Amino acid sequence: YNLFPQVSWYDLFMIGLHYLCWFLLVVRIGQQCKKKKTKTIVMLLFMLLLVAVDLKYMVLHQYTILTMQLVSVSVFWILTSRVCQGLEYWLERMVVLGTLICAMWLRKEAFLLALPILGLAVLYEFWKNLESKEKYLKNIIIYISIFLGILLFTYSLEKFAYGENEWSAFQESHAARIQVYDYTGVPIRDNYSVEYDKLDIDALDWQVIHDYNCELAENFDTEKMVGVSELSLRNFDEYIKTDGKINFLKKGFYTFCLLIFEKQIQPVGIIMLLAFLCVFILCYKENDKKACVVVVSSWLFYMAVYLVLIERGRYPERVMYGVYFMQMVCLFAFVSQYVESLFHKIKKDKFWICMMQIVCCLSIVLCFLYSWQKVEDEQNKVLKNVADWQYVNDYFATNTENRYCIDTNSFVFSTEELFTGKVESDNMIRLGGWILNSPLQEQRMHNQGVDNLVQQLAEDDNYYIV
C-alpha cells in the first residue's frame with residue numbers, strides 16, 4: 001500500500017482475495033496426491049491453467065467474479081473433503097465457512113446464484129459419508145447453525161446501518177433497480193399502459209426509464225422504482241407462460257447453440273461442453289455414480305442459467321466468467337480424485353504418457369495465447385476509455401458554470417479511472433447511477449443547485465445532456 005498509495009485499500013483487498021482463491025485451490029489439488037512427483041506435476045499444471053484462464057480478469061477485477069471464485073473455493077474443498085481430525089479438521093471447515101462469508105459480503109446476488117451448486121457439493125459429501133451419517137448430520141447442523149448465525153448478524157448490521165427512513169427507502173429502491181436493469185428488464189409500456197398510468201408514469205417518463213436515465217422521469221421515487229420492478233417480474237413470468245413449454249424448450253436449445261458457437265465466447269463454450277462429457281465418462285468408468293449425478297445436475301443448472309440469460313437478452317461478461325470458473329473448478333474437483341490412478345494406468349504405456357503431455361502442453365499454450373490476446377484487447381479498451389473519460393472530465397472542469405447530465409446508454413461501457421482520488425467533476429450529474437434515490441444523490445444534486453432537473457434542463461441554458 002505504501003508503494004501504490006494511489007490505489008484504494010479495497011482494490012488491494014480484492015486482489016488479495018483473488019490470490020487467496022488461487023492459493024487455496026492449488027494447495028487443495030496438491031493434497032489429493034500422495035506421491036511428491038505427481039503432486040508437483042498436478043499442482044504446476046493446475047496453476048498454469050488457472051493463470052491462463054484468469055489472466056484477462058486481472059486487468060480489471062470485479063465483485064461478481066470474485067464472489068463466484070470464493071464460492072468455487074468452498075465448493076472445491078467440499079467436493080474433495082478428506083477424513084481428518086483435530087486442527088486440520090477445523091481448518092478445513094474454516095476455509096469453507098470463511099470463503100462463503102466473504103462471498104456473501106461481497107455480492108449477495110452472485111452468492112445466491114451459486115447456492116444450487118453449493119447444495120450439490122454438500123449432497124455429494126453426504127452421499128460419500130453415508131456409513132457415518134449420524135456424525136456427519138450433526139456436523140452439518142453445526143455448520144449451518146454457525147453460517148445462519150453469521151448471516152443473521154450480517155443482515156442485522158445492514159438493517160442497523162440503513163435504519164433511517166431515507167436510507168431504508170434507498171435500499172428498497174436499489175434492490176428494485178438491480179431486479180429491473182440487471183435481470184428482467186423494463187416492460188413495454190403499450191402492453192401495460194393501465195399499470196403504468198396507475199404508477200403515474202407516462203410515455204416520456206417510460207422512455208427515459210427504459211434508457212436508464214431515471215433522474216429525467218417526473219418524481220421517480222422509491223415507490224415508482226419498486227412498481228416497475230414488480231411489473232417487470234410479472235412480465236417475465238407471463239412471457240414464459242404464454243409462449244408455452246415447447247416454445248420455451250426451443251428457446252433453450254437455441255440458447256445452448258448460441259452459447260456454444262457464438263463468436264464472442266469461443267472456444268470456451270465448446271471446451272466446457274467437452275470437459276463435462278469427459279468428466280462424466282471418467283466418473284462412470286470409475287463406477288462413481290454419485291459423481292455422475294452431480295456432474296449431470298450441475299450441467300443442467302448451468303444450462304438453466306444460460307437460458308435465463310438468453311431470455312433477458314443480455315450476457316454480462318462478469319456473470320458468464322463467474323459461471324465458467326465455477327464449472328472448471330467443479331470438474332477439476334472430480335478429476336483430482338482419480339489423478340493418481342490415471343497416472344498409474346498411463347505409466348504402463350509410453351504412448352499415452354506422450355499423448356497426455358502433448359494435450360496438456362497444447363491446452364495450456366493455446367489458452368495462454370487466447371487469454372493474452374484478450375488481455376491486450378482489454379488493456380487497449382481500458383486505456384482508451386480512461387483517455388475518453390479524462391477528456392470529458394477536463395472539458396467539464398473548464399466550464400464550471402454549466403451542469404452536464406450524463407446519458408447512461410452513452411457512458412455505460414466507459415471505464416472510469418478508478419485509481420485516482422477524483423474521478424468526476426463536481427458539475428457532472430448521473431442520470432441513472434447506483435446511488436439513485438439515495439441521500440447521497442439528493443445531497444449532491446442540492447450542492448449543484450438542482451431543484452427540478454427536468455424543468456432546469458428545459459429552461460436553463462447552462463444545463464446539458466451529454
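Thr-99 is buried, with a relative accessible area of 6%. The cut-off for buried is under 20%. The model is predicted.

**Thr-99 and its surroundings**
- Thr-99 sits in helix H4, which spans residues 86–106.
- Leaving aside residues up to four places away in sequence, Thr-99 touches Leu-24, Leu-70, Val-73 and Ser-74.

**Helices H3 and H5**
- Helix H3 covers residues 63–79, and helix H5 covers residues 108–128.
- Their axes come within 9 Å and cross at roughly 5°.
- Angles under 35 degrees count as roughly parallel, so H3 and H5 are roughly parallel to each other.
- On the H3 side, the contact is made by Thr-64, Thr-67, Met-68, Val-71, Ser-74, Val-75, Ile-78 and Leu-79.
- On the H5 side, the contact residues include Ala-110, Phe-111, Leu-113, Ala-114, Ile-117 and Leu-118.
- Also among the H5 contact residues are Ala-121, Val-122, Tyr-124, Glu-125 and Lys-128.
- The residues of this H3–H5 contact divide into 14 nonpolar, three polar and two charged.
- Ser-74 of H3 takes part in the contact with H5, and Ser-74 is also touched by Thr-99.

**Helix H18**
- Helix H18 runs over residues 439–447, and its buried residues are Pro-439, Gln-441 and Met-445.
- Seen down the axis of H18, these buried residues fall within an arc of 160°, so they line one face of the helix.
- Leu-440, His-446 and Asn-447 are exposed on the other side of H18.
- Just after H18 comes Gly-449, which takes a positive phi of about 80°.

How values were computed
Residues are numbered from 1 along each chain as its sequence is written. This is a predicted model: local features need pLDDT of at least 70, side-chain atom pairs count only at pLDDT 80 or more; totals for chains, interfaces and linings use all residues. Side-chain values use heavy atoms; hydrogens and water are left out. Axes are lines fitted to C-alpha atoms, for helices over the stretch in contact, and angles run from 0 to 180 degrees between N-to-C directions. Helices (H or I, at least four residues) and strands (E, at least two) are DSSP runs, numbered from the N terminus. Angles under 35 degrees count as roughly parallel, over 145 as roughly antiparallel, 65 to 115 as roughly perpendicular and the rest as oblique. Contact means heavy atoms within 4.5 Å. Ala, Val, Leu, Ile, Met, Phe, Trp, Tyr, Cys and Pro count as nonpolar, Asp, Glu, Lys and Arg as charged, and the others, Gly among them, as polar. Buried means under 20% relative accessible area, exposed over 50%, partly exposed in between (1.4 Å probe, protein chains only). The arc is that of the directions from the helix axis to the C-beta atoms.
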